[in-house]
Structure formats: C-alpha cells, structure tokens
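Visitor: Could you take me through the labels used here, and set each value against the rule behind it?

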Amino acid sequence: MTSQRPLPDSHAGGVLTIDTDAIAANWSLIASQLASGCSCAATIKADAYGTGAKITSKRLWDEGCTTFCVALPGEALEVRKVLPQAKIYVLDGLFPDTAETLASNSLVPVLGSEEEIREWAGFCRTAGQAFPAAIHIDTGMNRLGLRPEQFSSMMGDAALINSFSLDLLLTHLACGSDPNHPMNGRQLSAFREVTAPFSQIPRSLANSAGVLMGKEFHFDMARPGISLYGGKALDTQANTMAAVARVEARVMTVRSVPAGETVGYAASRTARRDTRIAMVAAGYADGMLRLTGSTDASEGGYGWIEGHIAPLFGRISMDMMALDVTDVPQGIVKRGSLVEILGPNVAASDLASYAQTIDYEYLTGLGKRYRRHYGRLPAPGARPGD
C-alpha cells in the first residue's frame with residue numbers, strides 16, 4: 001500500500017490561513033494596557049475561537065501567557081497535552097464525576113453553584129489535599145455563578161471553603177459590548193462589594209470589553225477572548241486588533257446574468273443590469289452564515305479580490321455563494337481564482353452585522369472543509385482610488 005498524502009489546496013473549496021503571530025501580538029497589546037498588578041490570561045475555549053487551541057495556546061505561551069481559560073474539561077485536557085506547566089481554568093465548572101480527572105491533571109474548576117462547591121470540597125477532603133478552585137459570582141447575568149448572598153453565606157462556612165485552595169473570584173459582564181450600558185456599573189459595584197472582605201484572593205472581571213472599558217474593571221486578572229482573535233469587543237469603538245484568520249474561497253465559474261433575471265434560492269435577488277457573477281465554493285456549511293446574503297430589499301456582505309469589493313448577490317447556499325464581480329476589471333476573476341471572504345479586508349464584525357449576529361459566531365464556526373494553514377496574513381489592501 002502507498003501512504004496517503006494530504007490533498008493539495010486545489011482539491012478544497014477554500015483556504016483558511018491562521019496567523020498565530022497576530023494572535024500573540026494582540027495578546028501583548030492587551031497585556032500592555034492593563035492596570036499595574038493585573039495579569040493577562042487568554043481565553044481559548046471553542047478551539048481557541050476556531051483557530052486551533054493546541055497551536056494557539058503554545059504560541060501564546062511562547063509570548064509569555066501562562067494562564068488560560070477554557071469552557072469544558074475536554075478542552076482543558078487537550079491544552080494540557082501541549083502546556084504541562086500552564087494554569088488552566090475550566091469556566092463551565094465542575095461537571096459530575098470529573099473531579100478526579102481535573103485534579104490529577106492540575107486543572108482548576110470555576111465553581112458556580114453550592115452543589116459544585118460541596119462536591120469539590122468533599123473530593124479534596126477524601127483525597128487529603130486542598131486542590132485549587134475558583135468561584136464564579138453572579139452579579140446580574142443569571143447564567144452561571146452564586147448570587148452575592150449565596151457567595152457570602154458559603155464563604156462564612158470556613159470548614160467548607162478551607163477544604164480546597166481558593167485562588168480566584170470572578171464574574172462576567174452581561175452587556176460589556178456597550179460600554180454605556182448601566183448594567184456594567186451595577187455589576188462592577190456588586191463585584192467590588194461582595195468581594196471586599198476577601199481582598200487577599202485575586203479577582204477577575206474583565207473580558208475583552210472589560211479591558212477596554214477602563215482600569216477600574218481590571219482587578220487582578222483579565223481574561224480576554226474575542227480581541228485576541230481580531231474581533232471587535234466594543235460596539236462604540238473602532239477595532240484596533242489585528243486580523244488573525246483569512247478565508248479565501250475558490251471561484252468555480254464566472255457567468256453572465258442578463259438584467260431582469262434572478263440568482264439563487266427563492267429568486268431573492270434580481271439583476272438590475274447585465275451582471276457578472278462569480279460562484280465561489282463556500283457556503284453556510286463552511287461557516288458563511290446564510291443571513292449574510294443579499295436580497296432585492298437588503299444589501300449583504302461582500303468579498304475582496306485584488307483591491308476590489310465584490311458584493312454578495314442573492315442567498316448563500318450550503319456549498320456556494322454568488323459574488324457580483326461586474327465592477328471588477330475583466331481578467332482578474334476567473335475559474336480557480338481565490339476570493340477573500342473573511343480576513344484583513346473582510347472583517348468578521350462587518351459580516352456579522354449583515355447576519356444580525358456577532359463576530360464570535362463567524363470565528364467559532366470556521367468550516368472544516370477549508371484547507372487549513374498557519375502563516376502570516378497580508379496587511380489590509382487599498383481599494384482603487386483610495
């Protein structure tokens with residue numbers, strides 16, 4: 001038998017390039033903005049927002065990041081394989097029957113309920129060792145975490161709390177993307193008040209948005225996520241983070257559509273002029289959300305090719321979508337060409353605005369069918385006439 005070789009890029013509908021140097025640079029920039037005494041962790045859940053948790057976490061470690069946050073025990077175990085010395089917090093808490101696995105792999109559960117605290121404490125007592133844990137305090141999101149009064153009550157049970165090593169108190173912002181939302185101030189005040197009697201324990205509130213909202217949100221540890229991956233953390237500010245992922249989809253054919261005819265499912269987009277359409281091999285099965293497409297009533301997202309914008313034309317299908325290349329000079333777009341459909345020139349936050357969602361969904365949903373590479377991304381290009 002002959003050994004099977006990886007298929008070349010030409011066999012895939014698109015190419016995904018991930019720039020871990022850009023992720024590391026974004027982390028360093030965030031770390032430099034933190035208040036004195038505040039450390040910078042990295043949130044790498046959901047396969048490091050689609051960029052590959054093992055490779056991304058190793059690159060961040062090399063940059064100087066020593067603390068990481070994941071959602072699930074399985075994610076933590078994968079990262080532990082490549083980072084034997086890192087501190088790894090499991091944000092979704094202590095799942096039933098996982099205490100032994102977490103403790104034996106030096107993973108730190110973020111305990112978010114009385115049941116979890118009692119189970120972890122009981123495990124530590126049985127094991128005869130005070131393994132570390134964090135406690136999540138709910139300051140208004142009503143998702144995970146102890147309500148302030150529950151937290152105060154649990155902290156009053158010294159025998160229970162002293163059964164394990166409590167090394168972090170954290171909460172999470174519900175409305176961080178809008179820095180003017182009054183919820184942010186309420187959560188900040190509640191977190192300060194309920195943790196004040198325990199100032200010897202490090203505290204964490206700031207996600208990416210919290211970092212940008214000011215030093216009063218920083219406390220002892222920040223845990224940025226979306227900003228590391230080039231996403232936009234605050235709705236009210238321009239995004240200064242470097243893009244870290246680029247998706248280029250392959251042109252299958254370029255066809256002419258006469259004025260008055262429609263393109264795609266539901267005949268939702270009509271050509272108002274004789275139109276050149278490039279059909280590219282990426283669709284909603286590849287993470288290109290269906291709502292990003294356009295109709296006669298609404299504009300949609302766009303692609304980018306050699307300095308030219310190519311608007312989406314009609315609905316996105318499972319495996320393909322149409323781009324209007326009428327205004328791209330002849331000869332640039334042809335069968336086999338690669339068109340950027342996400343990256344330095346096509347921001348995930350822009351696409352998300354058309355799909356009525358957030359850039360998190362685009363990044364974490366990067367498709368499995370792309371040929372994946374790691375390398376440097378080009379700088380954003382200039383458009384003709386700029």
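Visitor: Why is Lys-87 called partly exposed?

Guide: Its relative accessibility is 30%, and because the rule calls a residue buried under 20% relative accessible area, exposed over 50% and partly exposed in between (1.4 Å probe, protein chains only), Lys-87 counts as partly exposed. This is a predicted model, in which local features need pLDDT of at least 70 and side-chain atom pairs count only at pLDDT 80 or more, while totals for chains, interfaces and linings use all residues. Residues are numbered from 1 along each chain as its sequence is written, and side-chain values use heavy atoms, with hydrogens and water left out.

Visitor: What makes Asp-167 and Lys-87 a salt bridge?

Guide: Their closest N and O atoms are 2.4 Å apart, and the rule asks for a side-chain nitrogen of Lys or Arg within 4 Å of a carboxyl oxygen of Asp or Glu, so the pair qualifies. The two residues belong to distant parts of the chain, 80 residues apart, with Asp-167 in strand S8 (residues 165-170) and Lys-87 in strand S5 (residues 87-90); strands (E, at least two residues) and helices (H or I, at least four) are DSSP runs, numbered from the N terminus. Asp-167, with a relative accessible area of 15%, is buried.

Visitor: How do you know that Asp-19 and Arg-376 are bridged, and is each of them buried or exposed?

Guide: The closest N and O atoms of Asp-19 and Arg-376 are 3.3 Å apart, so the pair meets the salt-bridge rule. Asp-19 sits in the loop between strand S1 (14-18) and helix H1 (20-32), and Arg-376 in the segment after strand S19 (371-374), 357 residues apart. Asp-19 counts as buried at 3% relative accessibility, whereas Arg-376 counts as exposed at 63%. Asp-19, Asp-21, Arg-59, Glu-63 and Arg-376 are linked in a network of salt bridges, and by the rule the count comes to 16 salt bridges.

Visitor: What is the volume of the largest pocket, and which residues are closest to its centre?

Guide: About 840 Å³ of space lies in the largest pocket. Of the 35 residues lining this pocket, the closest to its centre are Tyr-49, His-172, Asn-207, Ile-358 and Tyr-360. Helix H2 (45-49), helix H10 (208-213), helix H11 (348-354) and helix H12 (359-364) are the elements that give two or more residues to the lining, and H11 gives the most, with four.

Conventions: On a 1 Å grid over the protein atoms alone, a cavity is a set of points where a 1.4 Å probe fits but cannot get out, and a pocket is an open set with protein on both sides within 12 Å along at least five of seven lines; lining residues have an atom within 4 Å of a point. Grid points are joined across faces, edges and corners, and a volume is the space filled by probe spheres set on the points.
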